[in-house]
Amino acid sequence: MSLHGLAMRDAYLESVWREMSNNRLIFFLSADFGSPVLDKIRRDFPDRFLNVGIAEQNLINVAAGLAIEGHTVFAYAIAPFITMRCYEQLRVNMSLLSEVRPMNVNLIGVGVGYSYVVSGPTHQCYEDVSIMRALPNFQILSPADHIAASALFDQHVNSVGLKYFRFDAQPLPAVYADPSLVSADGFCVHRRGEKVCLIASGFMLHTSLEVSNELESNSQKIGVIDIFNLTNFASESLAKALESYDVVVSCEEGFRDRGGLDALISSVVSEYGLSLKILKIGVNPGYSFDIGSRFELHQKAGIGKSSILEEITPLLEKGRGS
Amino acid sequence: MDGSKQVSDNFLKNKSLWAWKETLLIHRRAPETRLASSLSSVEIFVALYYGGVLQFDALNPLWDGRDRCIISKGHGSICMYPILSDLGFFPSEELKRVCKSGSFLGGIPDPVIPGYETVNGSLGHGLGVSSGIALALKQRKSSSQVFVVVGDGELHEGSNWEAIMFASHNKLDNLNLVVDDNGISMLDYTDQILSHSNIKERLESFGWDCIEVDGHDVVQVKDVLLKRKRSNNGKPKAIIAKTIKGRGVPGLENNSLSHIINPSQDLLDDLLEGAT
């Protein structure tokens, strides 16, 4: 497995392409959004691929119509557009209609967080977790590398229901040497430690591992957890994984305190009565027009490695020797 | 139901009058329902369901061989309650419980009602979903067709025009759009709000096969729907039914605020007494 691997979308679309040979019911819709692997789907399955044009409302409505007729539907677009441009279509014709009409729909949103680095706030996406969490019947799948993206495809392709796969736009280093770690629990403990545990999803898992590496070189061990199913995870197991820590740090590449990962963690902590503090690392709600590398954007937003280290170092120091 | 079954013109006219009357009765019991927009669509639904246009099985509403009837203008389809019940989709006693606690018949119909395929109420959704259904039916070479009833007011929603482009580009000639063109939305004449008096020309310019009919001539509506159901020329089909919002109710007919006006109980009683 190469360190930098594939983009999540390419690994996932490769799996879709493979499955389309076996499963005649798969239909693939794109809102004029492509990828090299998508070219194979267009070439090999022209009768089950449609570009609906730059028309996300219709993308979702057509997907719903195909799905209630028994197709397994994949709908593909840039993340902010497939969640926000057509939010009421998602609500009415998927979330609501699926209460009475079963459907297998797989939304693929590419470009979460700052991953369209220089495209600015229209193409970046800091709100999708919170708004998609608000829609009943949707699962939110948020892999941290291409191996997890493929594993999540395998787990969910045949399950009837609504799924939103949120992918980083950039190829990220592989962290899942073993795809079985992408388990049905919806989360994976990557590091165990003391006092502080970082919990992250997608790109922020990589930042969290870097934070952990840096501290480890100073003989300080912290926990790192990847949560890749942001709706249907084993909450009791997650609570058990967190209970020994003093502080859990939610690390998200989205708005802080707006119903995203930090709200999810708060809910677990409160539901299981865990006696620990929650530290929320996320983007201060507001839009920025800064141009820079992702590293620079993260530093400015206060979600980069050094910001997290700055926040948690005192917490580790405080307990030392006591 | 066998779609080829012939019915007499008088049968359809009598059913239309009966459905109109039943709609008034429901509104009398449940003033939360939208009367005016339900009266403009009576003959459209009678033609579809009694005129042999739609294939359906009331005891198995999701029978695969059915034609799909998508009702996008949900508020304005209360006349469907008596029709569906008369055809055996659900018992007629339910009509007395519209909007009452525990009933499945609300002020705006939901897809829990046998015979309703999708969610409506929020406007501008039916045509896009219908396009997806039509695509699926074509994909499996089904002879079933899709009929979708929209109001002219909801054509202000841009999502419709995305679907209108999509359907013609993808040659969905198994898709039949029926526009209940009553010319009024909630607060005003649609032409005063955002003019589209030339719906036919607009749809034609998007590649649709269109025809205008008198939406209250149930025989004409039936004949046109049946004829066009049999013709497949690669174009999606639209019937623009010219109708009168609040038809038959003095004070509602052509009143720009008829959507939100409730006629008095006395007036409803008089109308019901006079309807034979």
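**Strands, surface and interface**

Q: Which residue stands opposite A:Val247 in strand 11 of chain A?
A: A:Val247 stands opposite A:Lys277 there. Strands here are DSSP runs of E with at least two residues, helices are runs of H or I with at least four, and both are numbered from the N terminus.

Q: How should I read the numbering and the values?
A: Residues count from 1 along each chain as its sequence is written, chains are lettered from A and ligands numbered from 1 in the order in which they are written. The model is predicted, so local features need pLDDT of at least 70 and side-chain atom pairs count only at pLDDT 80 or more, while totals for chains, interfaces and linings use all residues; side-chain values use heavy atoms, without hydrogens and water.

Q: In which sense do strand 10 and strand 11 of chain A pair?
A: Strand 10 and strand 11 (residues 277-283) of chain A pair in the parallel sense over six bridges. Two strands are said to pair if DSSP finds at least two bridges between them.

Q: Which residue of strand 10 of chain A is the bridge partner of A:Leu198?
A: The partner of A:Leu198 is A:Val249. Strand 8 (residues 196-200) and strand 10 of chain A pair in the parallel sense over five bridges.

Q: How many residues of strand 10 of chain A are buried?
A: Nine of the nine residues in strand 10 (residues 247-255) of chain A are buried. Buried means under 20% relative accessible area, exposed over 50%, and partly exposed in between, with a 1.4 Å probe and protein chains only.

Q: Why is strand 4 of chain A described as largely enclosed?
A: Strand 4 (residues 104-110) of chain A is largely enclosed by the rest of the structure because seven of its seven residues are buried. Both faces are covered: A:Asn104, A:Asn106, A:Ile108 and A:Val110 are buried on one side, and A:Val105, A:Leu107 and A:Gly109 on the other.

Q: Which residues sit across from A:Ile108?
A: A:Tyr76 stands opposite A:Ile108, and in strand 6 of chain A its bridge partner is A:Phe165. Strand 4 of chain A runs parallel to strand 3 (residues 72-78), over seven bridges, and to strand 6 (residues 161-167), also over seven bridges.

Q: A change of topic: how many residues of chain A are in contact with chain B?
A: 25 residues of chain A are in contact with 26 residues of chain B, where contact means heavy atoms within 4.5 Å.

Q: What area do the two chains bury?
A: Chain A and chain B bury about 2100 Å² between them, 59% of it on carbon and sulfur atoms. A:Asn58, A:Glu69 and A:Arg101 supply 27% of the area that chain A buries against chain B, more than any other three residues. Buried area is the accessible area (1.4 Å probe) that two parts lose on being put together, summed over both.

Q: How many salt bridges are there between the chains?
A: There are three between chain A and chain B; each is a side-chain nitrogen of Lys or Arg within 4 Å of a carboxyl oxygen of Asp or Glu. One of them joins A:Glu69 to B:Arg140, with the closest N and O atoms 2.6 Å apart.

Q: Which elements of chain A give two or more residues to the side touching chain B?
A: They are helix 3 (56-68) and helix 5 (87-96) of chain A. Helix 3 gives the most, with nine residues.

Q: Lastly, is B:Ser258 buried or exposed?
A: B:Ser258 counts as buried, at 1% relative accessibility. B:Ser258 is found in the loop between strand 5 (237-242) and helix 10 (265-274) of chain B.
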